[in-house]
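Please look over the two-chain arrangement shown here before reading on.

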Amino acid sequence: MDSAIKGAKQVGNITQKLGPFVGLLALIVVVSIFNSSFLEPLNLLNLLRQVAINALIAYGMTFVILTGGIDLSVGSVLALSSALMAGMMVSGLDPILAIIIGCLLGAVMGAVNGLLITKGKMAPFIATLATMTMFRGLTLVYTDGNPITGLGDSYAFQLFGRGYFLGIPVPAITMFLAFAVLWVILHKTPFGRKTYAIGGNEKAALISGINVSRVKVMVYSLAGLLSALAGAILVSRLDSAQPTAGEAYELDAIAAVVLGGTSLSGGRGLIIGTLIGALIIGTLNNGLNLLGVSSFFQMVVKGVVIIIAVLIDRKKAA
Amino acid sequence: MKISMENIHKAFGTNQVLEGVDMEIKDGEVHALMGENGAGKSTLMKILTGLHQKDEGTFTIDGEEKTFANPKEAEQFGIAFIHQELNVWPDLTVLENLFINKEPVTKFGLIQTKKMKAIANEQFEKLAVSIPLHKEAGECSVGEQQMIEIAKALMTDAKVIIMDEPSAALTDREIEKLFDVIRSLKASGVSIVYISHRMEEIFTICDRITVMRDGHTVDTTPIPETSFDDVVRKMVGRELTDRFPERTPDSGEAVLEVKGLGRKGVFQDVNFNARAGEIVGVAGLMGAGRTEIMRTLFGLDGKYDGEIFVNGQKVDVKNPSQAVKLGLGFITEDRKGEGLVLDFPIKDNIALPSLRSFTKNSLIQEKEEQEFVDLLIKRLTVKTESSKTEAKNLSGGNQQKVVIAKWIGIGPKVLILDEPTRGVDVGAKREIYQLMNELTDRGVAIIMVSSELPEVLGMSDRVLVVHEGTIAGELNREEADQEKIMTLATGGQVNG
């Protein structure tokens, strides 16, 4: 009896972990039945490239949500840091150096969020809602509302968003590399362990001697850095920085995290889930396009899928 | 109204809280109810007011058998309960608070503010209080909030009012006012049950006193026929059993020293030290400031007055992270809320404060971590199949062992234990005591805050008694007994 319960529990645990993956497979099967061209290598590679930007942002969001927080400013951080990168390139700075500096500036913007939340004791939702508006405003001020173009023709820079390496789109490679690094950080370092501990029980984490404020600032900085990295891909792909870039990206990122099974109350979740969540959203977008569903209706479908995923998750938890 | 309770029994699960309690409340008397923390006072009052139901015994009002299914029924019968934690809605006005859920309405369902004001004013006049009705309750002093609660109780036409530690947060002047109100209530035939730990107050305002101990009534006596000492004796008069392992104290240098420690309005001028290999017991009543002192010492409440020395060096403990680096460990009284990450496996909980010690090149060395954890699980005999079991699935005693394991892991110089055996069964208790002895044998200084007097007496080499935010006295192992501790804890003096 006891072992039966334990067995059932273990099966439950496995489905909990595999849930998002099973969902992704089911989605792929459904889409490819309706349109076999979905499975063509070219389309799949294209899909990976499309997913990369959301996945990178969602990785950062995973850390934030694991601490029990939220970051609404990621889209604005992307816009501001990519505008700054483009500005540096226009003024003649080496594009790769511009990207590195831009990413660091993104981390600084994230640190601002972290400091408002820890030192300013603001709710993450409020703090990042404010900086979302503020960073977007700064982007518009900096760009005067116009796209920044004329970024030069550095090969390395073009490769970053548009190129292929061994036949795989470079953004997709960046997405997988970032995943590997972040997986190690989350699961193998004290920083990762502390991230979970804070989300699981912030008071206990504090009393265990964890510098909760510092970890949180680092987590929001990481989210900012990854948003800026996503911004760099976007700038390269568009060969310009758009002042309105990244609008509503926070919603897709949060959706990817939630679809990946991470708990919004913090402490529970896996970054692999987030990657799968991003792939689910990408497959939906791509598949619905292939099926000729109007973009208006696509939004409805995406919303429904999120609701279904969360409902299934609830059932499992109960 | 005459209330009589006889032979009341009540258990929560296997925990027998009341085992035959008798109490009788007469018309227009102020009746004190006293007893140690956990004696069963609150449970008895909750049965009286319908929050809990008795398992056994008789409960009569004016000779008629009664059972209240819920607090509302008790209230309708004229029994009001003013809880220790005041139930005001801080964002609502005084007036809104007075009438919450009882607002008079017109036939169109609109609230009759004028009528409310008239009733409220009349009530406040009777009580001789003057709180502006439009003030937000959150901005009222605790004393004023108390008056709001009393006015609310009277508006329900209460014949019996139970006051649980009403003076705990009041200033002397406010207490005087409260006593005036109690006297005038008494004159109009209202009975008061007055629960307090403060001996002086009870002897000032009460007519009779019932003392409870371990779920029994010791007795009820008229106040003029008893004394401080007599009441203390009745409260604590139980034998120490050999629940505690033998201790051979052997203390060394002072590892921790505190001079003039204070936090405004919470505690002040606290001086003590803890020596290597010593267990310092910290006794006192709930709310005396024991836990607050420890939290400050551990850097949990930020800025403080006074000085803290570790190994003779003056240190500035700004946050727990610093405290841990200094070799302090803190086992809090709230195991689930502050001690454990319940969703974490045992392993991660134990390793949490020690992560640094098995991190190489920024990576956690999982093999070392596992060995470290396994060793501690074995040493503390945590009953579990695997270190991967989540902490929430363990019993209270095993959870507490995990918390202790995590602090032993840092190799502490000073271990602060706040209510270390709360909610822990007898067997596990003894194991925890044994562990404390082992730790002191290895030179750890232990500070143990406890509300269980037998535990304080059984384990401590020295006892500090905290009363109203300061250390009222220090007793060594030989001189410490329950009566002396209770006397100091309730504001009395101990000679010699």
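**Domains of chain B**

Nine residues of domain 1 of chain B are in contact with nine residues of domain 2 of chain B, where contact is taken as C-beta atoms, placed from the backbone, lying within 7 Å. This is a predicted model, in which local features need pLDDT of at least 70 and side-chain atom pairs count only at pLDDT 80 or more, while totals for chains, interfaces and linings use all residues. Residues are numbered from 1 along each chain as its sequence is written, and chains are lettered from A and ligands numbered from 1 in the order in which they are written.

- Domain 1 of chain B spans 3-236 and domain 2 spans 254-489, with bounds that come from an automatic or database domain assignment.
- The C-alpha centres of these two domains of chain B are 36 Å apart.

**Contact between chains A and B**

- On chain A, 18 residues are in contact with 23 residues of chain B.
- Two elements of chain A, helix 8 (190-200) and helix 9 (202-207), each give two or more residues to the side that touches chain B, helices being DSSP runs of H or I with at least four residues, numbered from the N terminus.
- Helix 9 of chain A gives the most to that side, with five residues.

**Annotated spans of chain A**

- The unreviewed UniProt entry annotates "transmembrane region" over several spans of chain A, including 123-143 and 288-312, although such annotations may be inferred rather than shown by experiment.
- Residues 123-143 of chain A are 95% helix and 0% strand, with end C-alpha atoms 30 Å apart.
- Residues 288-312 of chain A are 84% helix and 0% strand, and their end C-alpha atoms lie 22 Å apart.

Key
Two residues are in contact if their C-beta atoms, placed from the backbone, lie within 7 Å.
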